[in-house]
Number of protein chains: 2
Amino acid sequence: MKIAKDDSNINPLLNLKNLVRDDLEKVDNLIYSLIASKIALIPQISRHTISSGGKRLRPILTLASAKICGYQGSAHIELAACVEFMHTATLLHDDVVDKSDLRRGESTANNLWGNKESILVGDYLLGKSFDLMGAANSIDIYKTLSNAAVIISEGEVMQLVATGNIDSDIDSYIKIISAKTAELFAASCQIGAILANKNDSEIYALRLYGLNLGIAFQLIDDLLDYFSTDKLLGKKIGDDFFEKKITLPIIIAYNQATEDERILLRKMMRNSTAEYKDFTQVLNIMNNYDIRQKVLKFAQTYVVEAKNKLDIFANSELKTAFIDILDFTVNREF
Amino acid sequence: MKIAKDDSNINPLLNLKNLVRDDLEKVDNLIYSLIASKIALIPQISRHTISSGGKRLRPILTLASAKICGYQGSAHIELAACVEFMHTATLLHDDVVDKSDLRRGESTANNLWGNKESILVGDYLLGKSFDLMGAANSIDIYKTLSNAAVIISEGEVMQLVATGNIDSDIDSYIKIISAKTAELFAASCQIGAILANKNDSEIYALRLYGLNLGIAFQLIDDLLDYFSTDKLLGKKIGDDFFEKKITLPIIIAYNQATEDERILLRKMMRNSTAEYKDFTQVLNIMNNYDIRQKVLKFAQTYVVEAKNKLDIFANSELKTAFIDILDFTVNREF
């Protein structure tokens, strides 16, 4: 069974993945057994979205967190499947909201099957994820994950409300990505520690590791949307620009731009019919202000913060792998 | 605070509502306090949808079930809010899927705010509902409700897949409405009994009461879509017809029709551009075969089944009210 698309590349994520490989295979088997509904459309859409969904980062974090905390039971398998289902449900709804056609080089479910289908199968996977939360019989885990579901959707709504508003500041942007992306990273790590009955210091160390990793991850995602290539990204770059999403590159560029450039940027982020030449123009402005390096430097502060949170754990191969994926996160090109 | 739109009408639902009135007011207060997010769009859409959402039937069932089982605690308030949130999330997504403009005489959220907004606020309310499930610290309640969420979305997908397929039979139709509608009625009742630590006979008696009530409820909903009036229904009748939803009136009509009528019905349920005159023609066929009475008679079998399930409970004012809403359900015109 294909576990993820990037197995063949040597990257630091692979180290962490290798250390939980057996568990991850169990997670994948569980995922595919759970989507085997009698209604053919459900496994079709779920399978398509899960297998094109990417790096399995969130379940890997749950498995690795449980492991670094010395967990000996088996509920981490269900919980890892749970966070992957939550993530997949979000992808399905996001792609409808963003009218996306491509994700990681594959057609999106809304493109292949339709919006209605994506909304409803997203709801199904969200329901399944809640079904899985019960695996550990832990009210704390259950509260952590159900709270994460609320925060994720709040983040999505905040992002929608901020669309096209170039006056959004860095703080609001960080709030949005903390909620829509980093919260699930945080919860994925946190539940591993709760599962292992660790005390608050370990639980919050892993939570904050995940939160900072998640913020750095989304910062780079948003950067790549301007500075990667269609081929590496598996979809057209510039999606955020054309969807009028206000992300860090545009916020920094706007803050540093001349009055003329600001008028132009403001107009473009309002304009619902921007063209490719507008995008190129924005890229030029960004290059003039060295936005790529500035965002990378900004992301690095979250990487440092995340690394510090790991101090509480003894050195081990696993801890090194936890550190390495931070570097992978900011250095990746896809 | 307005508890529901039909307070002024004397109807049997009112009896049950009156018997849990104080609790229902607490539920409403809790609901409105929980949607008070800092992101204005969330309370706006939630409030609009919840207040135009109807009869509060599901939370009333939870409150009344807890009461008839002698429950003395306070978690039934959170759980009643939980089932109302689950219901409201479903309404928001349903209206996007069905492209509905009106619900109970008011514009739908997707009409007023947009599809994206409805999808994401629906997700938010679903998350909130899961947050509330923890109130009773009961894994059984949690499993009942999260399982209901999965079944509801399966029902929605089944309905979508069956769209326009006039060869659907009564069994498939009952499966669909059991899942998409009756399961939440069943769970709403069931959790009241679990909360009160009743044994399996009471738990399943209430579950099956709710399930049969829910089936009867949806049968009548689908009947009213052909035989009510715009004014009574608060939206245009014929929505199901124009959306090609295969419901019992059309299934029975098709089963009894002449070959010519069957060809006509088949064509119409496939035709994506049906007109009002087509709808009138279908109504004529239905009248010829006395479909209204046939559906009412069919619904009555579920009413009888539901009533029988209550035998296990001692006679009381509350039990009478439970019986009365069955009659209300089939006799209502809205």
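**Cavities, interface and pocket**

User: How much space lies in the second largest cavity?

Analyst: Ground rules first: this is a predicted model, where local features need pLDDT of at least 70, side-chain atom pairs count only at pLDDT 80 or more, and totals for chains, interfaces and linings use all residues. Residues are numbered from 1 along each chain as its sequence is written, chains are lettered from A and ligands numbered from 1 in the order written, and side-chain values use heavy atoms, leaving out hydrogens and water. A cavity is a set of points on a 1 Å grid over the protein atoms alone where a 1.4 Å probe fits but cannot get out, with points joined across faces, edges and corners and the volume being the space filled by probe spheres set on them. For the second largest cavity, that comes to about 730 Å³.

User: Which residues lie closest to its centre?

Analyst: The second largest cavity has 37 lining residues (an atom within 4 Å of a point). Closest to the centre are Leu91(B), Arg103(B), Gln218(B), Asp221(B) and Lys235(B).

User: Which element gives the most to the lining of the second largest cavity?

Analyst: Helices (H or I, at least four residues) and strands (E, at least two) are DSSP runs, numbered from the N terminus. In chain B, the elements giving two or more residues include helix H5 (75–97), strand S1 (102–103) and helix H9 (170–195), along with helix H10 (200–227). With six residues, the top contributor is H10(B).

User: And how much space lies in the largest cavity?

Analyst: Searching the whole structure turns up ten cavities of 30 Å³ or more. The largest cavity is lined by 47 residues, with Asp94(A), Arg103(A), Lys180(A), Gln218(A) and Asp221(A) nearest its centre. H9(A) supplies the largest share of that lining, seven residues. The space in the largest cavity is about 860 Å³.

User: How many charged residues are in the lining of the largest cavity?

Analyst: Asp, Glu, Lys and Arg count as charged; Ala, Val, Leu, Ile, Met, Phe, Trp, Tyr, Cys and Pro as nonpolar; the others, Gly among them, as polar. The lining of the largest cavity has 15 nonpolar and eleven polar residues, and its charged count is 21.

User: Which residues of chain B lose the most area to chain A?

Analyst: The contact (heavy atoms within 4.5 Å) takes 37 residues from each of chain B and chain A. Together the chains bury about 3400 Å² (accessible area, 1.4 Å probe, lost on being put together and summed over both), 75% of it on carbon and sulfur atoms. On the chain B side, 17% of the buried area comes from Leu120(B), Tyr142(B) and Val157(B).

User: How many salt bridges does the rule find across the interface of chain B and chain A?

Analyst: A salt bridge here is a side-chain nitrogen of Lys or Arg within 4 Å of a carboxyl oxygen of Asp or Glu. Across this interface the count is zero.

User: Which residues are closest to the centre of the largest pocket?

Analyst: A pocket is an open set with protein on both sides within 12 Å along at least five of seven lines. The largest pocket holds about 360 Å³ of space. Among its 18 lining residues, the closest to the centre are Asp98(A), Lys99(A), Ser100(A), Asp239(A) and Glu243(A).

User: Which element gives the most to the lining of the largest pocket?

Analyst: Two or more residues come from each of H8 and H12 of chain A and H7 of chain B. By class, the lining has five nonpolar, three polar and ten charged residues. With three residues, the biggest giver is H8(A).

Conventions:
Buried area = accessible area lost by both parts, 1.4 Å probe.
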